[in-house]
Structure formats: C-alpha cells, structure tokens
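Please walk through this protein chain with me, from its overall make-up down to single side chains.

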Amino acid sequence: MSGDDQQFNQISNQAAIEGNVDHNHQSQQQVVRPIVTIGLVDNDAFSLAFLERSISELMPEARIVWKTTSGRDAVTRCLDPRQSPNVLLTDMSMDELSGLVVCKTIRIKTARVKILAVTSFSLAVYSGKAAAAGAQGIVPKSVETPIIEAIRTVASGGTWGEGFETAAQAHARLSGQRMPRQFLLSDREAEAMNLCSRGLSTDQIAAEMQVNASTAKTYLTRAIHKLGVASRGAAVALWTGAAEGE
C-alpha cells in the first residue's frame with residue numbers, strides 16, 4: 001500500500017470516528033422526555049421553595065402545576081381530575097395532616113396520581129409506613145439528584161426503594177378501606193385541631209379563630225369525637241400522625 005493510500009485510509013477512518021461521535025452527540029441531544037406534571041405539599045415554605053427550585057433547574061421536562069402547605073388542600077387537588085398531577089411529592093411530617101394520611105387518602109380513591117414521599121428524617125423512620133400508605137417511593141428531602149431520579153422513575157410507572165408498590169397495586173390493596181378519620185372533620189374543626197396541635201389553649205384557639213371560647217371548645221369536642229378518641233392529647237397524636245389511625 002502506498003503512502004498516499006495509507007494517508008487516505010487514516011483520514012477516512014478519522015472521519016468515520018468523528019461522524020459516529022457527532023451522530024451519537026446529536027442522538028443524545030434529541031432525547032426528549034415526556035412532560036411530567038408535579039404537585040408539592042410541605043408545611044415548611046422554605047422546603048417548598050427548595051424543592052421547586054431544584055426540580056425546575058434539574059428536570060427540564062417537569063411542570064410544577066401547584067404547591068401548597070396544606071395536606072387537605074393537596075388531597076383535594078389530587079382527587080380533582082382538573083388539577084391532579086402525574087406525581088405528588090409530599091413531606092411525611094406536617095403539622096396539619098401527616099404525609100401518611102395524605103398518601104393513604106389519595107390512594108384509597110385513585111391510582112391516577114403517583115406519590116413520592118420526602119423526609120428530612122432517616123428514611124428508615126417512614127419507609128415502611130409510606131409503602132403501607134400507598135406511596136411509590138421515598139427520598140431524603142435535602143439531596144437533589146435522587147429526588148429527580150426518583151420522580152422520573154415513579155412517573156414512568158416504577159417504584160423507588162425496597163417494599164414499595166406501583167400506584168395500581170397500592171390502590172387495589174387499599175381501595176376497600178375507609179377514608180382516614182381526619183377527613184371526617186369540617187374545615188373549622190380541622191382548623192381548631194391544627195391550632196390545638198401547636199399547643200394552644202382553648203382561649204388561644206378561640207382568639208386565633210375569632211370566635212368565643214365556648215364555640216372553640218365545641219369545635220374541639222366534635223373533632224375529638226369524629227377522630228374516635230377520648231382526649232385532646234390522643235386527638236393531637238392522631239391528627240399529627242404520632243399515633244396510627246384506622
């Protein structure tokens with residue numbers, strides 16, 4: 001083979017390599033992920049802002065359709081087909097309703113929304129309970145990369161972590177169960193329980209709700225009865241998730 005032929009072959013081989021690299025690069029650029037709509041619930045506004053910023057920056061296909069600090073509001077939105085996201089991220093420890101109650105209430109009613117639990121505690125604290133309540137996975141709140149990977153996995157129908165079921169499997173298991181007692185309360189009774197769970201006295205609750213002490217006491221008495229417990233302390237434990245409900 002002449003020197004010219006060798007040089008031609010070298011140039012041709014190099015061009016082929018560069019062409020393959022360029023083709024692979026273009027293929028990578030052309031990967032388009034389906035849009036994933038996301039709802040966020042956390043009673044900590046700073047945590048909500050962190051989650052929203054992290055997801056928006058690291059997950060181009062994500063669309064955060066709403067965020068809320070209220071577990072009851074999140075449940076209402078998830079059960080409304082006009083507002084329900086593909087994936088709900090819910091904190092496990094919240095003042096109003098625990099993330100476990102949020103998960104179970106949604107999963108009893110529908111498999112449409114996938115649920116990813118987030119927590120600032122050790123995953124071992126909530127992992128088993130979150131799986132039992134119908135979530136599809138759990139991630140630490142402060143670590144960005146696993147959150148994005150977990151959202152993508154759950155959104156595509158998978159699970160994240162040991163012992164979790166798909167939304168369809170969890171719904172099939174839970175659909176015959178009663179709604180958690182927390183959702184038997186009226187809005188005003190729930191408001192009274194929120195204030196009670198913060199350690200406020202009856203008089204302080206009345207002042208916050210702008211009613212007299214007798215009315216505030218009535219709200220609390222009704223709430224305790226609907227929660228199926230005998231004392232204010234037991235009601236607070238059930239309301240905040242410190243005690244197991246039905």
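Contact here means heavy atoms within 4.5 Å. Among contacts in the chain between residues at least 6 apart in sequence, 66% join residues at least 24 apart. The model is predicted: local features need pLDDT of at least 70, side-chain atom pairs count only at pLDDT 80 or more, and totals for chains, interfaces and linings use all residues. Residues are numbered from 1 along each chain as its sequence is written, and side-chain values use heavy atoms, with hydrogens and water left out.

The chain has 11 helices and five strands. These are DSSP runs numbered from the N terminus, with helices being H or I of at least four residues and strands being E of at least two. Buried residues make up 40% of the 246 residues in the chain. Buried means under 20% relative accessible area, exposed means over 50%, and partly exposed lies in between (1.4 Å probe, protein chains only).

Start with helix α6. It covers residues 144-155, 12 residues in total. From first C-alpha to last, α6 reaches 17 Å, close to the 16 Å expected at 1.5 Å a residue. That expected span is 1.5 Å times one less than the number of residues. Which residues of α6 are buried? They are I147, I148, A150, I151 and V154. Seen down the axis of α6, these buried residues fall within an arc of 165 degrees, so they line one face of the helix. The arc is taken from the directions that run from the helix axis to the C-beta atoms. What does this face pack against? The buried residues of α6 pack against β1 (36-41), α2 (45-58), β3 (87-91), β4 (114-119) and β5 (137-140). After α6 comes G157, whose phi is positive, near 105 degrees.

Another positive phi belongs to Q210, near 60 degrees, in a residue other than glycine. Q210 is found in the loop between α9 (202-209) and α10. At 74% relative accessibility, Q210 counts as exposed.

Now turn to R72, in helix α3 (residues 71-78). R72 is buried, with a relative accessible area of 13%. Its side chain makes polar contacts with backbone oxygens. A polar contact is a pair of N or O atoms within 3.5 Å; within protein, one must be able to donate a hydrogen and the other to accept it, and residues adjacent in sequence count only if both atoms are side-chain atoms. The R72 side chain reaches the backbone oxygen of Q182 at 3.3 Å. The backbone oxygen of L185 lies 3.2 Å from a polar atom of the R72 side chain. Leaving aside neighbours within four places in sequence, R72 is in contact with several residues, including E96, L97, F183, D187 and W239.

Charged pairs come next. Side chains of opposite charge can pair when their charged atoms come close. A salt bridge is a side-chain nitrogen of Lys or Arg within 4 Å of a carboxyl oxygen of Asp or Glu. By this rule the count comes to 10 salt bridges. One of them joins K67 and E52, at 2.5 Å from N to O. K67 lies in strand β2 (residues 62-68) and E52 in helix α2, so the pair ties together parts that are 15 residues apart in sequence. K67 is partly exposed, at 40% relative accessible area. E52 is partly exposed too, at 26%.

Helix α8 (residues 187-197) holds both E191 and R188, three residues apart, about one turn of the helix. Their side chains meet in a salt bridge of 2.8 Å, N to O. An α-helix has 3.6 residues a turn, so residues three or four places apart point the same way. E189 forms a salt bridge with K226, the closest N and O atoms being 2.8 Å apart. E189 lies in helix α8 and K226 in helix α10 (residues 213-226), so this pair ties together parts that are 37 residues apart in sequence. E189 is buried, with a relative accessible area of 4%. K226 is partly exposed, at 27%. Salt bridges that share partners also join D42, D91 and K141 into one network.

Last come the cysteines. A disulfide is a covalent bond between the sulfur atoms of two cysteines. Here it is scored as a pair of cysteine sulfur atoms within 2.5 Å. How many disulfides does this rule give? The count comes to zero. The sulfur of C103 is 9.7 Å from the closest cysteine sulfur, in C78, too far for a bond. C103 counts as buried, at 0% relative accessibility. C196 is buried as well, with a relative accessible area of 7%.
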